[in-house]
Amino acid sequence: MNPFILSTLLLTLGLGTTITFASTHWLLAWMGLEINTLAIIPMMAQHHHPRAVEATTKYFLAQATAAAMVLFASTTNAWISGQWEIQQMTHPLPITLLTVALALKIGLAPLHSWLPEVLQGLDFTTGLILSTWQKLAPFALLLQIYPSNPTLLVLLGITSTLVGGWGGLNQTQLRKILAYSSIAHLGWMILIIQFCPSLTLLALLTYFIMTSSAFLIFKLNKSMSINALAMTWAKAPALTSLAPLILLSLGGLPPLTGFMPKWLILQELAKQDMAIMATFAALTALLGLYFYLRLTYAMTLTLSPNTQIGTTPWRLPSLQTKLLLAITTVTSIGLLPLTPGLTTLLTL
């Protein structure tokens, strides 16, 4: 893609999210969401491949449906209450419709079926943007909807953690595994959003860092499936020794960074007398931990059975910049000791 066009699309992507962040009017928020969607579609379809076009079409239809629901719910709220302010939602009908619409936008279960298929058709760079930046604007709106429907949010959260763990078990494609990982992590955030919004932001931040590391590692190694992970040791030995720690951090295994948000969320759920939900969420985390362990096993304890024809992969030095990967890798592994400081900052 032309660098000028790519820069324009990235700036437009940032503009759409910023408009949604700064808006107090539902029409402005909807406009920001639409700008966001229209900016990423050319980036998704830049590879002229039927699979990329199919993924772009599915994404457009899902986002258009969610945007129409947002517009309909905000219009219904204006008709009932006579105002368009985001933070002045009072009637349960538009609140429920908006929650469902935003859940469809970010891919929460049971409205998740588009996300694995779309992510599978994209390259790792666009998939990373879809899994991180595109979640910001809908989350900003979810945090502002008050009072939200607590039962609906808990059901969406629990269903997402279960579907995200269960759906990733039988996958062999790395992008689909990362999609189900995204669904499970979003479920944890939605589960706690009504009780402690600052904790949701902390979980979202750590998810962004860990997912960025995973996407950048797979992009560096050009690994698309679990079988391809067996060849990564020859390409980047040092990175391959750190990658299992990042994957286990995504699974929430102590003493890695990914354990921090799960630990704090379970603690907060116990404070809210929701011990059953906390137990169920902890059990569903084991499902996700299983397929992260599966990736770890494929990367470190297996060798590729295929003889490489042509130039051996370790003789091809990568020209990609590794600064962002280095920063996110360190943060994904070693942030847990800073938990008290982070929680203090969130309570200020």
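**Entry 1: aromatic rings**

I looked up ring clusters and found that ring pairs link Phe124, Phe215 and Phe218. Rings of Phe, Tyr and Trp (its six-membered ring) pair if their centres lie within 6.5 Å. The model is predicted, so I noted its limits: local features need pLDDT of at least 70, side-chain atom pairs count only at pLDDT 80 or more, and totals for chains, interfaces and linings use all residues. Residues are numbered from 1 along each chain as its sequence is written, and side-chain values use heavy atoms, with hydrogens and water left out.

I counted six aromatic pairs by this rule. Then I checked Phe259 and Trp263: their ring centres are 5.8 Å apart and their planes lie at 10°, so the pair is stacked. Planes under 30 degrees apart count as stacked, over 60 as edge-to-face and the rest as tilted. Phe259 and Trp263 are four residues apart in helix H13 (residues 259–271), so about one helical turn separates them. Helices are DSSP runs (H or I, at least four residues), numbered from the N terminus.

Buried means under 20%, exposed over 50%, partly exposed in between (1.4 Å probe, protein chains only).

**Entry 2: H8 and H9**

I looked at helix H8 (residues 150–167) and helix H9 (residues 174–192). Their axes come within 7 Å and cross at roughly 155°. Axes are lines fitted to C-alpha atoms, for helices over the stretch in contact, and angles run from 0 to 180 degrees between N-to-C directions. H8 and H9 are therefore roughly antiparallel.

The axes of H9 and helix H10 (residues 197–221) come within 9 Å and cross at roughly 170°. That makes H9 roughly antiparallel to H10. The contact (heavy atoms within 4.5 Å) includes Leu174 and His185 of H9, and Phe215 and Phe218 of H10.

**Entry 3: Asn77**

I found Asn77 in helix H3 (residues 50–81). Asn77 counts as buried, at 0% relative accessibility. Leaving aside neighbours within four places in sequence, Asn77 is in contact with residues including Gly82, Gln88 and Pro94.

How values were computed:
Helix = DSSP H or I, 4+ residues; strand = E, 2+ residues; numbered from the N terminus. Parallel < 35°, antiparallel > 145°, perpendicular 65-115°, else oblique.
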